[in-house]
Amino acid sequence: MDPITTLMDEHVAILSMCDAAAREAARLRAGGAFDAARIDGMLDFIRSFADRFHHLKEEDLLFARMAERGFPVDSGPIGVMRHEHEVGRGHVRAIAEAAPRAAAGQASGVKTVADNLVGWADLLRAHIYKEDNVLYPMARRALTAADLDDLESGFARVEGEAIGEGVAERYRAFVRDLLRQLG
Ligand SMILES: [Fe+2]
Ligand SMILES: [Fe+2]
């Protein structure tokens with residue numbers, strides 16, 4: 001598959017997790033029981049599929065190749081995208097830190113988890129919109145056919161290195177099931 005299309009296809013799964021995170025936060029804010037296993041599963045998806053798998057492809061391969069074609073990496077659109085990946089990691093850390101307190105019944109822990117689920121979902125929705133509509137079209141214009149071929153073969157290696165061969169499909173199934181559970 002064309003590498004930019006591959007990234008956009010991964011966005012669809014990440015956007016499903018944004019929907020799940022927003023619904024889980026609304027359920028918690030309405031007084032629903034804290035489900036530690038569900039939050040653990042969501043954190044695992046975000047860390048593994050969204051960050052180690054998808055963001056690694058962007059940062060180590062796509063952005064790196066765009067840099068070779070003259071795009072700055074510390075400023076401009078790539079700088080903003082890299083910064084937003086870091087902000088997302090901050091939300092994940094906050095959720096992980098608050099989850100044990102939430103599981104122990106502390107309202108402040110539940111509130112921190114819900115606030116950061118919403119913060120992560122809002123951030124990623126806007127981030128993905130910018131990538132799909134601004135950054136990726138820029139990449140398509142600037143990269144050569146050979147660049148795209150290199151990215152495609154690089155992407156094929158990343159799944160095994162980042163999360164394990166065939167593991168991405170398990171994460172896609174996880175988020176589909178989660179959305180069904182959350183109605
Ligand atoms: Fe990104
Ligand atoms: Fe992305």
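Q: Among contacts between residues at least 6 apart in sequence, what percentage join residues at least 24 apart?
A: The model is a predicted one. Contacts here are C-beta pairs within 7 Å. Among those in the protein between residues at least 6 apart in sequence, the share that joins residues at least 24 apart is 80%.

Q: How many helices and how many strands does the secondary structure come to?
A: From the N terminus on, the elements run α-α-α-α-α-α. The count for the protein is therefore six helices and zero strands, by DSSP runs.

Q: What radius of gyration does the protein have, and what would a compact globule have?
A: Along the principal axes, the C-alpha atoms fill a box of roughly 55 × 35 × 25 Å. With 183 residues, a compact globule would have a radius of gyration near 16 Å. The value for the protein agrees with this: 17 Å.

Q: With which residues is V175 in contact, leaving aside its neighbours within four places in sequence?
A: Leaving aside neighbours within four places in sequence, its contacts are A13, S16, M17, A20 and F45.

Q: Where is the kink in helix 2 centred?
A: Helix 2 covers residues 36-68 and has a kink of about 35 degrees. Just after this helix, G70 takes a positive phi of about 105 degrees. The kink is centred on H55.

Q: Is A50 buried or exposed?
A: A50 has its place in helix 2. Leaving aside neighbours within four places in sequence, A50 is in contact with I14, M17, F45 and H55. It has 22 C-beta neighbours inside 10 Å, and the cut-off is 20 or more, so A50 counts as buried.

Q: What distance separates the C-alpha atoms of A50 and H11?
A: A50 and H11 are 39 residues apart along the chain. Their C-alpha atoms are separated by 8.5 Å.

Q: Which residues is L43 in contact with, leaving aside its neighbours within four places in sequence?
A: L43 lies in helix 2. It has 15 other C-beta atoms within 10 Å, so L43 is partly exposed. Leaving aside neighbours within four places in sequence, L43 is in contact with V92, I95 and A96.

Q: How far apart in space are L43 and F155, C-alpha to C-alpha?
A: In sequence, L43 and F155 are 112 residues apart. In space, C-alpha to C-alpha, the distance is 23 Å.

Q: Why does I95 count as buried?
A: I95 is found in helix 3. Leaving aside neighbours within four places in sequence, I95 is in contact with I39, L43, V113, N116 and L117. A residue is buried if 20 or more other C-beta atoms lie within 10 Å of its own. I95 counts as buried because its C-beta neighbours inside 10 Å number 24.

Q: What is the distance in space between I95 and V110, C-alpha to C-alpha?
A: I95 and V110 are 15 residues apart in sequence. Their distance in space, C-alpha to C-alpha, is 9.2 Å.

Q: What distance separates the C-alpha atoms of K111 and L28?
A: K111 lies in helix 4, and with 16 C-beta neighbours inside 10 Å it counts as partly exposed. K111 and L28 are 83 residues apart along the chain. The separation of their C-alpha atoms is 8.0 Å.

Q: How far apart are the end C-alpha atoms of helix 1?
A: Just after helix 1, G31 takes a positive phi of about 95 degrees. At 1.5 Å a residue, the 27 residues of helix 1 should span 39 Å. The distance between the end C-alpha atoms agrees: 39 Å.

Q: How far does helix 5 reach from its first C-alpha to its last?
A: Helix 5 (residues 145-162) has 18 residues, and 26 Å is expected at 1.5 Å a residue. Just after this helix, G164 takes a positive phi of about 110 degrees.

Terms used
Residues numbered from 1 in each chain as written. Chains lettered and ligands numbered in written order. Predicted model: local features only at pLDDT ≥ 70, side-chain atom pairs only at ≥ 80, totals over all residues. Bend = angle between axes of the 7 residues up to and from the residue. Helix = DSSP H or I, 4+ residues; strand = E, 2+ residues; numbered from the N terminus. Contact = placed C-beta atoms within 7 Å. Rg over C-alpha atoms; globule rule 2.2 N^0.38 Å. Buried ≥ 20, exposed ≤ 12 C-beta atoms within 10 Å, placed from the backbone. Expected span 1.5 Å × (residues − 1).
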